[in-house]
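Reader: I'd like to learn how to read a few features off a model. Can we go through some together?

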Amino acid sequence: MKIMANKGIYELKRPITFEGKEIKEIDLSGLEDLTGKDMRELDTQYRQKQFNPAITKEFDVLYLQMVLARATSKPIELFESLKAKDWTALEVYTRNFLLI
């Protein structure tokens, strides 16, 4: 996974068109700005959306997409639109950010 050093920018391996705009990179620096309140709100939203929430939500794709949407101020649909290789890279990066 290629994240530009100290900038938190992920360069997509396969750019996508989303809402009429070409997306080539995603700024992940907002992950560092998430607060405890953000995480509590995300947890509440996640539990409302999931019939059976995962025991460890950090391993649930929906939760990780919700975290990324909050951190980047982008709609969750953007992350649902990513190609599998890009999504998987962001999934692993976000999970590691939360757990390590």
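Reader: Let's begin with Asp-43: buried or exposed?

Author: Keep in mind that this is a predicted model. Buried means under 20% relative accessible area. Asp-43 has a relative accessible area of 17%, so Asp-43 is buried.

Reader: Which residue forms a salt bridge with Asp-43?

Author: That's Arg-47, with the closest N and O atoms 3.0 Å apart. Arg-47 counts as partly exposed, at 47% relative accessibility.

Reader: And how many salt bridges does a search of the whole structure find?

Author: Seven. Another one pairs Arg-70 with Asp-38, with 2.8 Å between the closest N and O atoms. This pair links distant parts of the chain, as Arg-70 is in helix H2 and Asp-38 in helix H1, 32 residues apart. Glu-41 also bridges to Lys-37, at 3.9 Å between the closest N and O atoms. Bridges with shared partners join Lys-37, Asp-38, Glu-41 and Arg-70 into one network.

Reader: Now rings. How is a pair of aromatic rings described?

Author: You give the distance of the centres and the angle of the planes. Here, the whole-structure search finds one aromatic pair. The ring centres of Tyr-46 and Tyr-63 are 5.3 Å apart and the planes are at 70 degrees, so this pair is edge-to-face. Tyr-46 belongs to helix H1 and Tyr-63 to helix H2, 17 residues apart.

Reader: What lies over the face of Tyr-63?

Author: Lys-57, at 5.6 Å from the ring centre. Tyr-63 itself is buried, with a relative accessible area of 1%.

Methods: Residues are numbered from 1 along each chain as its sequence is written. This is a predicted model: local features need pLDDT of at least 70, side-chain atom pairs count only at pLDDT 80 or more; totals for chains, interfaces and linings use all residues. Side-chain values use heavy atoms; hydrogens and water are left out. Rings of Phe, Tyr and Trp (its six-membered ring) pair if their centres lie within 6.5 Å; planes under 30 degrees apart count as stacked, over 60 as edge-to-face and the rest as tilted. Helices (H or I, at least four residues) and strands (E, at least two) are DSSP runs, numbered from the N terminus. Buried means under 20% relative accessible area, exposed over 50%, partly exposed in between (1.4 Å probe, protein chains only). A charge sits over a ring if NZ of Lys or CZ of Arg is within 6 Å of the ring centre and within 35 degrees of the ring normal. A salt bridge is a side-chain nitrogen of Lys or Arg within 4 Å of a carboxyl oxygen of Asp or Glu.
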